[in-house]
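Subject: Structure handover

Hello,

Here is the structure I said I would pass on. My notes follow below it; please read them with the model open.

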Amino acid sequence: MNTDTGRKSGRKPPSRNDPRVQVLLTALEQGQFVSTSCDAAGIHRSTVARWVKRGEEAQISMEIDGVDIDASELAYCDISDAIKKAQATAQSQALSVIQN
């Protein structure tokens, strides 16, 4: 897939097992802003935005275009989903507090 998109090869895909990613996800689940979560994790905000975008693009390629994606692209899908889930968890918890 990298040949079509012009993406840089050689970058290691993110992993939930990376301690920095775990800090990022925990901070997001606690309701921190993305920039604050990135600072806490030591990951640049643009890197996280790139992970999410790349995961979304891979998901679209897989679901809509029917393209088989490789394991590294699946890692971006996974981390993108984890980031969105962490944010949704925080939003749900905040709404619960407001409603009670």
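Helix α5 covers residues 71-99, and at 1.5 Å a residue its 29 residues should span 42 Å; the C-alpha atoms at its ends are 41 Å apart, which agrees. The expected span is 1.5 Å times one less than the number of residues in the helix. Helices here are DSSP runs (H or I, at least four residues), numbered from the N terminus.

Before the rest, a note on the source. This is a predicted model, in which local features need pLDDT of at least 70 and side-chain atom pairs count only at pLDDT 80 or more, while totals for chains, interfaces and linings use all residues. Residues are numbered from 1 along each chain as its sequence is written, and side-chain values use heavy atoms, with hydrogens and water left out.

Burial in α5

The buried residues of α5 include Glu73, Ala75, Tyr76, Cys77, Ile79 and Ser80. Ala82, Ile83, Ala86 and Ala90 of α5 are buried too. Buried means under 20% relative accessible area, exposed means over 50%, and partly exposed is in between (1.4 Å probe, protein chains only).

Salt bridges

Side chains of opposite charge can pair when their charged atoms come close. How many salt bridges does the structure hold? There are five, a salt bridge being a side-chain nitrogen of Lys or Arg within 4 Å of a carboxyl oxygen of Asp or Glu. Three of them are described here.

One joins the side chains of Arg16 and Asp78, at 2.9 Å from N to O. This pair links distant parts of the chain, 62 residues apart: Arg16 is in the loop between α1 (2-5) and α2 (19-29), and Asp78 is in helix α5. Arg16 counts as partly exposed at 39% relative accessibility, and Asp78 is partly exposed at 33%.

Another is formed by the side chains of Glu57 and Lys53, at 4.0 Å from N to O. Both residues lie in helix α4 (residues 45-63), four residues apart, or about one turn of the helix. An α-helix has 3.6 residues a turn, so residues three or four places apart point the same way. Glu57 is partly exposed, with a relative accessible area of 31%.

Glu73 forms a salt bridge with Arg54, where the closest N and O atoms are 2.6 Å apart. Glu73 lies in helix α5 and Arg54 in helix α4, so this pair ties together parts that are 19 residues apart in sequence. Glu73 is buried at 0% relative accessibility, and Arg54 is buried at 9%.

How α4 and α5 cross

The axes of α4 and α5 come within 7 Å and cross at roughly 115°. Axes are lines fitted to C-alpha atoms, for helices over the stretch in contact, and angles run from 0 to 180 degrees between N-to-C directions. The two helices are therefore roughly perpendicular to each other; that label covers 65 to 115 degrees, with under 35 roughly parallel, over 145 roughly antiparallel and the rest oblique. Residues making the contact include Trp51, Arg54 and Ala58 of α4 and Glu73, Tyr76 and Ile83 of α5, where contact means heavy atoms within 4.5 Å.

Two buried residues

Ala58, in helix α4, counts as buried at 0% relative accessibility. Its C-alpha atom is separated by 7.1 Å from that of Ile69, 11 residues apart along the chain.

Ser37 is in helix α3 (residues 34-41) and is buried, with a relative accessible area of 0%. Leaving out residues up to four places away in sequence, Ser37 touches Leu24, Ala27, Leu28 and Gln32.

Regards
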